[in-house]
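Keep the structure open beside you as you read.

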Amino acid sequence: MPHTFPIDNEKLSAYLQQHVEGFQEPITLEKFPGGQSNPTYKLNAKSGVYVLRRQPPGKLLKSAHAVDREYRVLNALKHSDVPVAEVYHLCEDSNVIGSMFYLMEYCDGKVYWSASLADVDTNERRGAMYDAMNSTLAALHSVDVNAVGLTDYGKAGNYFERQLGRWTSQYRLTELHTIPAMDVLIQWLEDNLPEDDGRVCLVHGDFRLDNMMFAKDSPKIIAVLDWELSTLGHPFADLAYQCMQLRMPAGMGTIDGLKDVDRANLGIPSEEDYVAQYCQRMGIERIDNWAFYLAFSFFRLAAIAQGVAKRASEGNASNENANKVGSFVAPLAKMALQVINTAE
């Protein structure tokens, strides 16, 4: 059985009635499947349907599970061109349910779990959905962070240098045994860090198909989900991360990649076309050091997977598949090394 953390519904509903305008009890809670990190619940109340996202209880890595940052960025984007759910309240008092949480709007759309969009009926619609993601990513990277009050949401400049340092140290803290491919990869990334080009924008940090909620009847995105890893950073990090997902094989992680899939036959753009489309939207000519950005994305995902594996080993992960995730670390590092070797 997965490890569960019960919530006192009466205490929670009394709190929400006091702090959220128009909120009316009684409530019922139902945990959404999936999500390694912050447990997320559908909350049915007399006043409507909501979503509650909480930190997992227990000892947490510094800066991990920052639901307060998620709340802040969602609130900042409410009038932007980036589709997000409306947020209602952040509770920083861990006495209410045992950890910090926030309440937001329930968006009634559809999330797709296969990058091939196998359950979409036409190539035209599949292509339109990828175009919607591309357009949303460009909209996100075009947000004026000063105007929306996110000037101090992250440090400006040297993003990849800082991220490489951060995820290397997180990886070392959670390392359960030596993985040679990760050691080789970390060394290569340190030796091949591109010079900072001055680009700074709001980045999502986990921009991929299964973090988009689409309208049920059209290829339109109605909400970008799961902002836990968002910060001020470099736009190419999000783009490379999404393209990495397309390069991954089936059966690894929460979303099946497109490694052995004939994309053209499905109306899904090639990586080259997807990147070119993004560059056109952003008004840039091309992206240098693409192999570095891709390899870094594989490395960061591997470091995140290692963190999940470490939490699972301590009985403190919110998904029953957490133990399996640890087995992805070495293959992800090897995929990164393959990207590097084929680019050189």
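Strands E3 and E5 are antiparallel partners, joined over five bridges. This is a predicted model, and the pairing can be followed residue by residue. Arg 54 has Phe 101 of E5 as its bridge partner, and Arg 53 stands opposite Tyr 102 in E5. Both strands are mostly covered: in E3, five of the seven residues are buried, and in E5 the count is four of five.

Now look at what else these two strands pair with. E5 also pairs with E4, again in the antiparallel sense, this time over four bridges. Here Leu 90 stands opposite Tyr 102 in E5, while His 89 stands opposite Leu 103 in E5. E3, for its part, is joined to E2 by six bridges, and the two run antiparallel. One of the pairs to look for is Thr 40 with its bridge partner Arg 53 in E3. E2 and E3 form a hairpin, with two residues between them.

Five strands form an open sheet in the order E1-E2-E3-E5-E4, with antiparallel pairing. E1, residues 27-31, and E4 stand at the edges; each has a single partner strand, so one side of each is left without a neighbour in the sheet. On average, neighbouring strands of this sheet are turned by 25° against each other, direction ignored.

What packs on this sheet? Helix H1, residues 9-19, does, touching E1, E2, E3, E4 and E5, and its direction makes about 110° with that of E1. H2 packs on the sheet too, with contacts to E3, E4 and E5, and its direction makes about 155° with that of E4.

Let's stay with H2 for a moment. Which residues of helix H2 are buried? Along residues 67-76, they are Val 67, Glu 70, Tyr 71, Val 73, Leu 74 and Ala 76. Their cover includes strands E3, E4 and E5, and also strand E6, residues 201-203.

The axes of helix H8 (residues 290-313) and helix H10 (residues 329-343) come within 8 Å and cross at roughly 175°, which makes H8 roughly antiparallel to H10. On the H8 side, the residues in contact include Ala 291, Leu 294, Phe 298 and Leu 301, and they meet a set in H10 that includes Val 329, Leu 332, Met 335 and Ile 340. By type, the residues of this contact divide into 14 nonpolar, one polar and no charged. Gln 306 is among the H8 residues taking part.

Finally, turn to the cysteines. How many disulfides does a search of the whole structure find? The search finds zero. A disulfide is a covalent bond between the sulfur atoms of two cysteines, and the cut-off used here asks for sulfur atoms within 2.5 Å. The sulfur of Cys 243 has its closest cysteine sulfur in Cys 279, 10 Å away, which is too far for a bond. Seen from Cys 279, the closest cysteine sulfur is that of Cys 243, again at 10 Å. Both residues are buried: Cys 243 has a relative accessible area of 0%, and Cys 279 has one of 5%.

How values were computed:
Residues are numbered from 1 along each chain as its sequence is written. This is a predicted model: local features need pLDDT of at least 70, side-chain atom pairs count only at pLDDT 80 or more; totals for chains, interfaces and linings use all residues. Side-chain values use heavy atoms; hydrogens and water are left out. Buried means under 20% relative accessible area, exposed over 50%, partly exposed in between (1.4 Å probe, protein chains only). Contact means heavy atoms within 4.5 Å. Axes are lines fitted to C-alpha atoms, for helices over the stretch in contact, and angles run from 0 to 180 degrees between N-to-C directions. Angles under 35 degrees count as roughly parallel, over 145 as roughly antiparallel, 65 to 115 as roughly perpendicular and the rest as oblique. Ala, Val, Leu, Ile, Met, Phe, Trp, Tyr, Cys and Pro count as nonpolar, Asp, Glu, Lys and Arg as charged, and the others, Gly among them, as polar. Two strands pair if DSSP finds at least two bridges between them.
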